[in-house]
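Open your viewer and get ready to select residues by number.

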Amino acid sequence: MKNIIRSKVFLLAGIILFISACTSEFDEMNTSPNSATVVPGTSVLGASMLTSMYTLFGTRLDCYYAGAYSGYISAADYEYRVDINNSMWKSMYTSMTYSTDAMSLALEEENDNLYAAALTFRAYNAHKTCDMWGDIPYSEAFQLEDGVIYPVYDSQEKVYNTILEELKTAADMFDPEGDDIGDGDFLFDGDIQKWKKFCNSLRLRVAIRMSSADESAAAAVIQDVLGDAAKYPIMTENEDNAYWYFPGIAPDEEIWYESMGTVGDAAKQSNWRMQQPIIDALQNNNDPRLPVYADKNAYGVYSGHRFGPNDKSDTLNNSFNRSHIGDWFMNDPQGFVPYMNCAEVYFCLAEAYERGLATGDAQAAYETGIKKSCEESGQITSVAVATFLTEPEVAWDEGNTSNLEKIALQKWICLFKQSVEGWSEARRTDVPLLTGVASDYAASHNRPPFRMAYADEEKSLNSNFPFDIEEEDIFYGTQLWWDKRTGVE
């Protein structure tokens, strides 16, 4: 399966060609017979996936911005660049627009599975966009052809409820006996059952995220998903993971490898390094994933970048002291980008059970989540996992941390390389406690940024921009809907 998906990525250059058919006699005479006049819906879905993948998992967002905010990866500061910030906003909306167009084409082609996949993927990206910025245009977005030039900004609550409705629509629409999605499906190569599991697992992710703001609505969604396992299957094995694998031949190499990878035994030269919070979370509990996630530094120990008022002068932050990212995540040209994994699903279940949002065995779900996260690299033995589960601050009902804190920490660890998700979970739970702030902001703030800065062009061009949202020091101000932390600034 991985090889099939890898080989299909060689189509990347071809699926973003969109040329309209000409209608007049003159245009017909001047239309190249080699130019595309009909664009298959699957190609437009592929374009949506490509745009989203390069935005969410490229080093600029996944390592620099969200990577720094999440406590995973080091960056020197929180440098704000208008062009980069605007481009990320544009790219997320470009991806969602492609998904919307794919849905329209799927209706013309009478392909329900393609429609459901495009709807699922648009909802996935809408969730990411909402969690990065807060209130966003959604209900009136993608309607330029209907004359909507200045779409209104929907509240985060409205966006969440809308995408949950959309995900349920998609879950009900997927049919393993239906039409093939086509070559544009880079995630699952047309495996409809995996799409269904991904879709329903996303419903759990979104519901858990909103549970701090609307617990009853979240519980209803979780119970609906878990109430019919045959109708609404979820990810249960690492084979279900929504991971995009690459062919491994230039120019189609894994995107972190393109930026950081080495050839043979050459030393790593990248400035992208591990951050101290993720090193601490792994090292303090003798986590067997530590050598998978990180390399030892030049002195033979694990050490990460430390944010704080003196981080630019701290000698522990020099290149010799900071650990590189582990090979499994960044040094394989045929590597992966992770959209979602089954370990996260088990931690969602564990939290739901422990909080009484649904009925089930919280401890079993928690321990299974740890096992799945440890197993997915293929580098950790079952004996090592069993030993890890006995660590005082890992073992259920043991140590000085609550079970909910344990769930939150292990979930955050399993989200490494999904920096937007890790950042969102840290904002929601305050686990781990990320108090290190880049030096330019450390005097005024005690947590990493609360949100991304809105694109400047939205403020100047969209007459419906919500200026009542407070933006302080670019990245701070109004907390997100589900971010109920107190005492944070």
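This tour of a predicted model goes from salt bridges to cysteines to a charged patch.

**Stop 1: R209.** Select R209 in helix 8 and E421 in helix 18. Their side chains meet in a salt bridge, 2.7 Å from N to O. The pair ties together parts that are 212 residues apart in sequence. E421 is buried at 1%, and E425 is buried at 2%.

**Stop 2: E351 and R428.** Select this pair next. Their side chains form a salt bridge of 2.8 Å, N to O. E351 sits in helix 14 and R428 in helix 18, 77 residues apart. Both E351 and R428 are buried. Salt bridges with shared partners join these two into one network, whose members include R209, E421 and E425. The structure holds 30 salt bridges.

**Stop 3: the cysteines.** C63 is buried, with 0% relative accessible area. Then select C348. Its sulfur is 8.5 Å from the closest cysteine sulfur, in C414, so the two are too far apart for a bond. C348 is buried too, at 2%.

**Stop 4: the surface.** Select E110, D112, D175, E177, D179, D180 and D183. They gather in a patch of negative charge on the surface. Zoom in on D179, in the loop between helix 7 and helix 8. D179 is partly exposed, at 42% relative accessibility.

How values were computed
Residues are numbered from 1 along each chain as its sequence is written. This is a predicted model: local features need pLDDT of at least 70, side-chain atom pairs count only at pLDDT 80 or more; totals for chains, interfaces and linings use all residues. Side-chain values use heavy atoms; hydrogens and water are left out. Patches are made of residues with over 30% relative accessible area and no salt bridge: like charges are joined within 9 Å, nonpolar side chains (Val, Leu, Ile, Met, Phe, Trp, Tyr) within 5 Å. Accessible areas come from the Shrake-Rupley method with a 1.4 Å probe; for residues, only the protein chains shown count as cover. A salt bridge is a side-chain nitrogen of Lys or Arg within 4 Å of a carboxyl oxygen of Asp or Glu. Lys and Arg count as positive and Asp and Glu as negative; His and the chain ends are not counted. The place of a charge is taken as NZ of Lys, CZ of Arg, CG of Asp or CD of Glu. Helices (H or I, at least four residues) and strands (E, at least two) are DSSP runs, numbered from the N terminus. Buried means under 20% relative accessible area, exposed over 50%, partly exposed in between (1.4 Å probe, protein chains only). A disulfide is a pair of cysteine sulfur atoms within 2.5 Å.
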